[in-house]
Amino acid sequence: MSGTNRTYRLSEIESNQGITFSHAAATPGHHCPMHTALAAMRNIRGISSLVLGMPECSFYSRYVMENPVEGTGELHYTYVLDSNEVVFGCREGLIKALEEMERDGAKAIMVIMTCIPALIGEDVKEITETFSLEHNAKAVCIDMAHYKRNGYEAGYYEGYEALGDFCMKKELNSNLVSILGAHKGREGEGLKNWLKNNAFELLEIETGFMLEDFLKITSSAFIIVTNIHYLPLANKLKKEYNIPFVFLGGAYSVSEITACYETIKEQLQLQELPEFVGINELKELEDNIKSQFTGSRFIIPAIIEDVLLLTNYLTSLSMKPCVLHIEEYQLWMQEWKKSILHQSVDPYITFVVQQEINQDAFEKSGFLEEKGFRFSIGETSLKEVASMKIERFFLTSLFGYERTNALLHSLKHLRKEE
Amino acid sequence: MPLYKNTPQPSGRMGVLWALAPIFDAAIIEYGSMGHMIYAEKWLAHTGLIKRAKLITTHLAEKDIALGITKRLEESVKEVVKEKKANVIFLIPSSVPEMIGTDLESIGEELQFMYPQIPIITFGAGNFKATKEQGMEEAYFRLVKSLTKEDDIEAIEDTGFEKATFNLIGSACDWSRFQSDTREIIRIMEGAFDMKSAAVFGSSCNTTSLYKMTNAKVTLVMRKDGIKAAKQLEKNYGIPYLYMTPYGLLNTITWIKELEEILEKKADKDYLNNEIKETQYAIHHCNVWAKHKNDKAKLWISNEDELSLGIQEFAKKELGFMLATGGIHMSDARQLKQNPGKCNIEVRRSTLSYDINPYELPFMGFRGTMNLCSLFTDFLIKR
């Protein structure tokens, strides 16, 4: 490879630091997690933001935060460390800035720390904690220093997780079920109707919600997570408030999805499962795909947020993963890694920074050998390889049987095109 | 306290990058965290620069920082050279390596030694105080110092030139219509003095044109960021420079007169008369309306730079406008959003700018004057 290090296999990856670039020269590279953290915060009414860093971070972050003051009163300011603060720290200035934001009307402030304050070792978490103790406004800090990882998914994981710091213990409402993540489509409606028909109240948290509503989450009896971005938050709420959850968004196979619904049924003491149309057909389709794709090989050069879960599922259908782009690898993803390795495959892991996976990974993984069916999830320049064109977010508005159905039909279509 | 409620000022590092990016056969390599470059790419993609330098970032990890490993940078340069991705490589500073004291200059020298077939130029202005203007000044100056070596000159002189040439250190991509302004200056120089452009800094150009800078008869400097580079050319190659920004008719005529003296050559009379006549037509109409609607003829323009002072002088002296808020406001789109006038004209670029047409009408020169008159008149005649 032309990068700085050799390409590692999944079994060798223990953290983001072990994922090497596909090419030395990233052109022009990927966004930093500050970008996605801001994108997440932008859609939450009641949360103000303060980007803490250099002019580059502050100036360009205005691409995400177009208005310094939103119509509903949220403030989106930036704090640029001056040359003295780069050396001596920014504690005093930052506290004054937070006080000024409070005076301007901010009640909940997310301080987004970028590379330089992280590098100088400024303890921004302590600063926000001290500020919050002495003021009515509450500030929370997230460390989004890009040099600590390759990609930008941490902006979502840690951004949403930090919302938990604004929460307080509330009395349990045994009728309240929270849904974290998108829950559109027929199945989303089906899930909601099932719960509503059983007299449950729903707290629906997906892109675009109010902090005030979100804070009710600590009184939930149960949480259903449909998107991986909210998984760290659900774990935090379980740890700190003992709220059980199920990660429905992590289930791809029919049996896993059914198990998730069984968990919901048991936790909420429901009499029966909802009736989703076409589960039997989906089982059949799953079997068909398995027989059609046995021995096939695939690569994933695109950004798929739950790439390990997807890979695990495809591998269970007898497809062999060769090379994967992993935007973010966190310790809590370890169980998915183990599950993939348990199926006797060990794909190469890379961080694609140009148009294509590098030659080294292609060759080592054996993907270039012209035997059997090969496909790519995401575009590839290899003309003889069937490729599934995907958007920025891959099937993320769907979950459960409906998502798997869409995925398997796309695979079927891919095979037909061949 | 460096709290910004609005967009903060760009850094020197950003100034360097913005000044270099129009050199479309260059590769700009930033040794630093990756997020900056993709934003820079977005900024540049919205400038109307259809062809621009290849932006490359190495990214870095905690281990690179802790141990001072610069292998990513070396590998990136190697990849660009090996795959012949560019004719020149620019190494630009970024905040993390500046913080840890990476000696980019020395690394650049070593890399140049390893790859003598391609110029590798290292830029400064990476510190935590440098302004955008200092960054741009550094970029132009370093280009002049680095791309004027004797062997390069000989190579260019062989090809020869039919017409006399000029260098232009013009407006850059932080100003709206920077490409149109550049084109207008080139048009006037061709029409008035039958001269062609050699090196063009700040707007679309390539290394071949930059190598021609030492053959030029004059360097035209539109912004003070370019003075240092122009002085270097004057000192080493005896090329005189003119620092003046031609906004408005009177200013444009004065600028041409100054050039006549420097070049010891009269501008083409017919061309000049025709341009003046056309521009006076537009000024006359605008002037009439400014008198008629003198309560509306108010202009406010942000900052105090060549663009601001030039347009203010023109509006006041030639059109009879009052310099006050509440009428026409000229600034960047963000400021105009917060401080709107009755008529808002974007003259500076911000993250809200989305310019896809490099052929929009200019603000400088004869046609720029006509354009301004037209925009102002449109507002004045509106009921």
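Guide: What follows is a short walk through one domain boundary. Keep in mind that this is a predicted model.

Visitor: Which domains does the assignment give for chain A?

Guide: A domain may be built from separate stretches of a chain, as here: domain 1 of chain A takes 8-27 + 279-417. Domain 2 covers 33-149 and domain 3 covers 176-267. A UniProt record, an unreviewed entry, lists residues 32-388 of chain A as "domain: Nitrogenase/oxidoreductase component".

Visitor: How many residues are in contact between domain 1 and domain 3 of chain A?

Guide: Count each side on its own. On domain 1 of chain A there are 21 such residues, and on domain 3 of chain A there are 25. The area buried between these two domains is about 2,100 Å², with 64% given by carbon and sulfur atoms. A:Phe399, A:Tyr401 and A:Glu402 supply 34% of what domain 1 of chain A buries there, more than any other three residues.

Visitor: Which side chains meet in a salt bridge?

Guide: Look for a side-chain nitrogen of Lys or Arg within 4 Å of a carboxyl oxygen of Asp or Glu. The rule finds one salt bridge across this interface of domain 1 and domain 3 of chain A. A:Arg186 and A:Glu402 form a salt bridge, at 4.0 Å from N to O. Polar contacts are counted separately: 10 residue pairs between domain 1 and domain 3 of chain A.

Visitor: Which helix gives the largest share of the side of domain 1 of chain A that touches domain 3 of chain A?

Guide: Helix 16 of chain A does, with six residues. By class, that side of domain 1 of chain A has 11 nonpolar, four polar and six charged residues.

Definitions and conventions. Residues numbered from 1 in each chain as written. Chains lettered and ligands numbered in written order. Predicted model: local features only at pLDDT ≥ 70, side-chain atom pairs only at ≥ 80, totals over all residues. Heavy atoms only, no water. UniProt positions renumbered as here; feature names shortened; annotations may be inferred. Domains from an automatic or database assignment. Contact = heavy atoms within 4.5 Å. Buried area = accessible area lost by both parts, 1.4 Å probe. Polar contact = N/O pair within 3.5 Å; in protein donor to acceptor, adjacent residues only side chain to side chain. Helix = DSSP H or I, 4+ residues; strand = E, 2+ residues; numbered from the N terminus. Nonpolar A, V, L, I, M, F, W, Y, C, P; charged D, E, K, R; others polar.
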